[in-house]
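Colleague: Please give me a close look at one part of this model, the interface between the chains. One connected account will do.

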Amino acid sequence: MTPDEIRRLSDDLARDPGSLAFIALADALRRAGQLDQALRVALRGLERHAYRFDAHDVLARVYLDRGELARAADEWETTLQLSDGHLPALKGLGYLAYRSGDLRRAERCLRAASEIDASDAGTVTALARIRETLGTAGSSPTGGDGTRNGVAPTMESDASQRSRHVATTPPPRFREEVASPAPAKDESVAAIRGPIDAARGRTLFASILSGTSGSAALLLDADGLVLAGECVRVDGGDASAEVGAELAGVSGEARRALVHLGLGEWRTMHVEAEQAMIGMASAPDDALVLVALPRETPAGFVRLLLGRVLDTGREWLNTVR
Amino acid sequence: MVEYRPMTSAYGEIIGALVRHRGVVAALVASERDGIAIAAQTQVGVECDALAALGASLYRRARLANLAAGFGTTRLVRLDAAHGQLFIAGRGDLVLIVVAEGGANVGLLRVAIQRGSEALA
């Protein structure tokens, strides 16, 4: 994309702010390395066109290039909900799973992608490589030989083939990443890999909250079921399940409310109660993280701990899926 | 352009004081139980009924969760978004809901909303 083409798309969008030109413009800005602008354009466009699967796909790529991998995964999940079998989304999620060390999830995503487009050599090769690592090389439907030529699954969509969701060569950075996945640097991620430790889930946030009496943190799924953390009342009773039940679906409801109001993407919810300050934030798949601290806690500190709980919760979800 | 709904004098003053704050695009009083708007002042384009229903529902969930956790009564719920905030404060069976776009003074607004909720009958 040349600067002139970016300018042309910008002009198109300025003339008709409600048009879908924002999708091509956001992608063009991303390719040009203008990631902040790309993000602004994509988010603004999605306020009007929240159900465009291609817009969520572009936003996922922007987040990927910005290094916001959890958000990239969220957007590709949304893309698949809106367009079942969306090839670039499947490949993107496969790549992210591969990168986080979740080879089984990567295999599932890339297998689904190869079933849609068996001619994609990059996907076939990456899939064979993953299966070889998992020890399931013989199950490849295309009979791949698991060669290690480092060819990455392709992600970018060629404009002329969007209707078939067929991808073209991805940016070099992505290709490089899939060929040589980053090792797990975080000890907590490496330690959790393998059998799921439910007990560890319960104390997942203990180190973050240590030293803060009267505090609690929870990770809830979309149905309000407790995934990790705990909330203990003053009398010692475990209120985790009850709190989760009351907050079931809050993440999706908050998102719908804000989209409806045209205020954009949901970030956080803060609740001031008689005896606590509570912060909540959206996690992948409409999950919810919550942190509660004593009433006198400064709001900025609540926000800080909420961010840490959210990061820990996301990492943990990536490892147990 | 502002859209008015018939307001009882009891809530007109509360809402009127809030919409005068910079960035506020909607203020309304609704029933927490059924999410029906009782009085409102909103800019054109803000769907009052949907806002009342969504705001009341979010506040009720937060209130019940706080009770379950032993955190006491709920004073204020604030939803932060990319381009603004949604505030919800309750008293008795009523909730006061305010929508503010970017540029609003969040601190001043928070105090004004808490005062407004205390004035709800």
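**The A–B interface**

Modeller: Between chain A and chain B the count is two salt bridges (a side-chain nitrogen of Lys or Arg within 4 Å of a carboxyl oxygen of Asp or Glu). This is a predicted model, in which local features need pLDDT of at least 70 and side-chain atom pairs count only at pLDDT 80 or more, while totals for chains, interfaces and linings use all residues. Residues are numbered from 1 along each chain as its sequence is written, chains are lettered from A and ligands numbered from 1 in the order in which they are written, and side-chain values use heavy atoms, without hydrogens and water.

One salt bridge joins R61(B) to E253(A), with 3.0 Å between the closest N and O atoms. Polar contacts (N or O atoms within 3.5 Å, one able to donate a hydrogen and the other to accept it; residues adjacent in sequence count only through two side-chain atoms) link 18 residue pairs between chain A and chain B, both residues at pLDDT 80 or more.

On chain A, the elements giving two or more residues to the side that touches chain B are α3 (35-48), α13 (240-246), α14 (250-261), β5 (266-273) and β6 (276-283); helices (H or I, at least four residues) and strands (E, at least two) are DSSP runs numbered from the N terminus. β5(A) provides the largest share of that side, eight residues. By class, the side of chain A that touches chain B holds 18 nonpolar, six polar and twelve charged residues; Asp, Glu, Lys and Arg count as charged, Ala, Val, Leu, Ile, Met, Phe, Trp, Tyr, Cys and Pro as nonpolar, and the others, including Gly, as polar.

β5(A) also pairs with strand β4 (residues 74-81) of chain B, in the antiparallel sense and over seven bridges; pairing requires at least two DSSP bridges. Within this pairing, H270(A) stands opposite R78(B) in β4(B).

As for totals, 36 residues of chain A are in contact (heavy atoms within 4.5 Å) with 36 residues of chain B. The two chains bury about 3,100 Å² between them, 59% of it on carbon and sulfur atoms; this is accessible area (1.4 Å probe) lost on putting the two parts together, summed over both. Of the area that chain A buries against chain B, 22% is supplied by E253(A), L263(A) and E272(A), more than by any other three residues.
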